[in-house]
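Here is a short tour of a protein model, written for someone who likes to know how each value was computed. Have a look at the fold first, then read on.

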Amino acid sequence: MDLTLATREVDGRAIVAVGGEIDVYTAPKLRDCITDLVSKGSYDIVVDLEAVEFLDSTGLGVLVGGLKKVRAHDGSLDLVCTQERLLKIFRITGLAKVFVIHDSVGLAPGA
């Protein structure tokens with residue numbers, strides 16, 4: 001399955017809606033999207049994972065790399081995720097303590 005990305009801006013924050021599978025083949029597309037946003041001056045990003053069906057370690061690495069990029073500019077990279085199977089991955093890896101994870105885009109500050 002392919003990866004879909006839709007980016008929009010809400011109240012100065014970039015919202016990236018991700019769909020499909022984030023794996024070794026598709027993760028570079030997400031990395032490029034986040035890198036592009038940061039290079040254009042978007043340092044507050046919300047990644048909406050609600051339509052993601054699969055996430056592997058490569059995808060986690062891209063999200064962590066994105067977080068490092070925005071933090072270098074005193075920004076934030078929050079996640080939107082309610083899917084238990086994805087939340088479990090964040091808990092097991094300890095990344096649930098690293099990322100701010102919201103129940104909906106509307107609950108993310110500024111969104």
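## Charges and ground rules

The protein carries 12 positive and 16 negative side chains, and the centres of these two sets are 5 Å apart. Here Lys and Arg count as positive and Asp and Glu as negative, while His and the chain ends are not counted. Each charge is placed at NZ of Lys, CZ of Arg, CG of Asp or CD of Glu.

Please keep in mind that this is a predicted model: local features need pLDDT of at least 70, side-chain atom pairs count only at pLDDT 80 or more, and totals for chains, interfaces and linings use all residues. Residues are numbered from 1 along each chain as its sequence is written, and side-chain values use heavy atoms, with hydrogens and water left out.

## Overall fold

Three helices and five strands make up the protein, in the order β-β-α-β-α-β-α-β along the sequence. These are DSSP runs numbered from the N terminus (helices: H or I, at least four residues; strands: E, at least two). The radius of gyration is 13 Å, close to the 13 Å that the globule rule gives for 111 residues, so the protein is as compact as a globular protein of that length. That radius is taken over C-alpha atoms, and the rule is 2.2 Å times the number of residues to the power 0.38.

The C-alpha trace spans about 30 × 25 × 20 Å along its principal axes. Of the 111 residues, 43% count as buried (under 20% relative accessible area; exposed is over 50%, partly exposed in between, with a 1.4 Å probe and protein chains only).

## One face of helix 3

Which residues of helix 3 are buried? In this helix, residues 84–93, they are L86, L87 and F90. Seen down the helix axis, the buried residues fall within an arc of 100°, so they line one face of helix 3; the arc is that of the directions from the helix axis to the C-beta atoms.

These buried residues pack against strand 3 (44–55), helix 2, strand 4 and strand 5 (101–102), where contact means heavy atoms within 4.5 Å. Just after helix 3, G94 has a positive phi of about 85°.

## Two aspartates with positive phi

Most residues other than glycine have a negative phi. D11, however, has a positive phi of about 50°; it is in the loop between strand 1 (3–10) and strand 2 (13–22) and is exposed, at 65% relative accessibility.

D74 has a positive phi of about 60°. The loop between helix 2 (57–71) and strand 4 (76–80) holds D74, which is exposed with a relative accessible area of 74%.
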